[in-house]
Amino acid sequence: MKRIIGWLILISIWILPSSSWAWNDETHLAIAKAAGYQKWYNAAGADITKVKAGDIENKNHYVNNPPGIHVTAKMVIEQAHRYNDPSDETGHLYGAIIQSIREYRHTTKEGKYTEYHLAFCAHYIGDLSMPLHNTLYNAYNRKNHVATDGIIEKEVLNNLSMIKVYPITIESETDLAREIARIANLSRNLGYQLEKVGRMLSKKEAYKQISHSASLFKGILSWLKSERKE
C-alpha cells in the first residue's frame, strides 16, 4: 500500500499543469526573516494549506508565462480576481499577492486578526523570485523543479547576510503591482535563460533571486506600517 501511495504522489506531480512547490520551507522562512517580518515562522504556511485545499490554494503559487511574454502591472492587477480559483490553469501568483494584501488591509480596518493574510502574502512573494514558477511547466521545468526548490535550503537560515535587502518604496497598490511585474520579468527571463542553456540555477543566482523577494516584502511591511499610523 505504501508503495502504491508513493507512486500516486509521483504521478500526480508529473501530470499537474505546473508544480506549485517553490523554494523549500527554510528558504521561505529566510526570505521573511531577512525582510524583518515579525512572524517569519509562518511563511511556509501556504504550502501546508495545499495539503487540504488542493487547487484552491495551488493555483496561487505560479504563473505559466510562455516565452516572450512581458508581465505588466495591468496584468498583475487583472489576476487578483482569480485568487483561490481552482479552475485557472494558467495560475495567478501575481494576483494572489495583490489580493492577499487587499484582504489584509480590509481585515485591519475591521479590527480583526490580520496576520494569516500577511503570512500567505509572505509566501507568495517568495514564490515570485523562483524562476520556474514564472515559466511553462515543460520538460526542463519538470526535470529541474525539485532540485531548484532546495538549492540553498540546507544553509540559507544560517546565511541571512547573503540576502541583500535593497530599498523598495511602496505607497499604493499601483506601486506594488509595478514591483511585482518587475521581479516577475526578472524571474521569467532567468528561467528561460537557464532552459536555453540547459543548466540548473546556481546558489549565487538563488540568493540574488530571494533578495528580490525579501526586498519587496520589506517594502510592503513598511507601507502597511505607515498605513496603521495614519
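Just after α6, G111 takes a positive phi of about 75°. Helices here are DSSP runs (H or I, at least four residues), numbered from the N terminus. This is a predicted model: local features need pLDDT of at least 70, side-chain atom pairs count only at pLDDT 80 or more, and totals for chains, interfaces and linings use all residues. Residues are numbered from 1 along each chain as its sequence is written, and side-chain values use heavy atoms, with hydrogens and water left out.

**Helix α6**

- Helix α6 covers residues 93–109, 17 residues in total.
- From first C-alpha to last, α6 reaches 25 Å, close to the 24 Å expected at 1.5 Å a residue; the expected span is 1.5 Å times one less than the number of residues.
- Buried residues of α6 include L93, Y94, I97, I98, I101, Y104 and T107. Buried means under 20% relative accessible area, exposed over 50%, and partly exposed in between (1.4 Å probe, protein chains only).
- The buried residues of α6 pack against α5 (73–79), α7 (115–128), α9 (173–197) and α10 (203–229).

**α6 against α9**

- The two axes come within 10 Å and cross at roughly 150°. Axes are lines fitted to C-alpha atoms, for helices over the stretch in contact, and angles run from 0 to 180 degrees between N-to-C directions.
- α6 and α9 are therefore roughly antiparallel to each other. Angles over 145 degrees count as roughly antiparallel, under 35 as roughly parallel, 65 to 115 as roughly perpendicular and the rest as oblique.
- α6 supplies Y94, I97, I98, I101 and R102 to the contact, and α9 supplies E173, L176, A177, I180 and A184. Contact means heavy atoms within 4.5 Å.
- By class, this contact of α6 with α9 has 8 nonpolar, no polar and 2 charged residues. Ala, Val, Leu, Ile, Met, Phe, Trp, Tyr, Cys and Pro count as nonpolar, Asp, Glu, Lys and Arg as charged, and the others, Gly among them, as polar.

**α2 against α10**

- The axes of α2 (residues 25–34) and α10 come within 8 Å and cross at roughly 45°.
- That angle makes α2 oblique to α10.
- T27, I31, A32 and A34 of α2 meet I210, S213, A214 and F217 of α10.
- The contact of α2 with α10 divides into 6 nonpolar, 2 polar and no charged residues.

- W23 is not a glycine, yet has a positive phi of about 55°. W23 lies in the loop between α1 (2–15) and α2. W23 is buried, at a relative accessible area of 1%.
- N84 has a positive phi near 65°. N84 is found in the loop between α5 and α6. N84 is partly exposed, at 32% relative accessible area.

Note on methods:
Helix = DSSP H or I, 4+ residues; strand = E, 2+ residues; numbered from the N terminus.
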